[in-house]
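Have a look at the structure first, then read on.

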Amino acid sequence: MGEHQGFTRIVFDVTYWQGYGKPQAGKPADKAGHYTFTLHPDLSIEAELAGFRSTTTAIPSLPKGGIIRTIKRLSGEEYGDDSAVFYRITLRRNARLKAFTLKDPARIVLDVYE
């Protein structure tokens with residue numbers, strides 16, 4: 001995660017899952033997969049990263065007063081799909097989003113603009 005002039009960037013690195021076999025497990029993936037970021041009126045973003053079975057990344061520490069209030073991994077029965085990973089990102093104020101992927105290595109990028 002990085003703070004920039006006018007926006008905050010969250011980057012999700014994509015690596016191969018252990019189910020692909022030991023030679024590729026944990027290495028950067030070729031493709032980023034599918035994603036959906038939904039901005040809700042209550043100043044929360046629901047992130048669905050499809051095609052992923054797990055995540056190993058720790059939630060980064062968030063700067064006080066920044067636009068991002070919290071980032072939480074969602075779990076439980078309603079998020080029990082084993083082919084997707086879900087997050088809820090809460091904001092301190094209104095924002096607009098821009099999401100895109102990068103290659104070499106594969107990443108999903110979310111820019112949150114104030």
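Predicted model: local features only at pLDDT ≥ 70, side-chain atom pairs only at ≥ 80, totals over all residues.

Arg93 is partly exposed at 31% relative accessible area, that label covering what falls between buried (under 20%) and exposed (over 50%), with a 1.4 Å probe and protein chains only. Residues are numbered from 1 along each chain as its sequence is written, and side-chain values use heavy atoms, with hydrogens and water left out.

**The Arg93 pair**
- Arg93 and Glu114 form a salt bridge (a side-chain nitrogen of Lys or Arg within 4 Å of a carboxyl oxygen of Asp or Glu), with the closest N and O atoms 2.7 Å apart.
- Arg93 sits in the loop between E6 and strand E7 (96-102) and Glu114 in the segment after E8, so the pair ties together parts 21 residues apart in sequence.
- Strands (E) are DSSP runs of at least two residues, numbered from the N terminus.

**The other bridges**
- In total, the structure holds three salt bridges.
- Asp111 pairs with Arg9, their closest N and O atoms being 2.6 Å apart.
- That pair links distant parts of the chain, with Asp111 in strand E8 (residues 107-113) and Arg9 in strand E2 (residues 7-13), 102 residues apart.
- Arg88 meets Glu46 at 3.0 Å, N to O.
- Here strand E6 (residues 84-91) supplies Arg88 and strand E4 (residues 44-50) supplies Glu46, 42 residues apart.

**Burial**
- Asp111 is buried, at 1% relative accessibility, while Arg9 is partly exposed at 26%.
- Arg88 is partly exposed too, at 28%.

How values were computed: Helix = DSSP H or I, 4+ residues; strand = E, 2+ residues; numbered from the N terminus.
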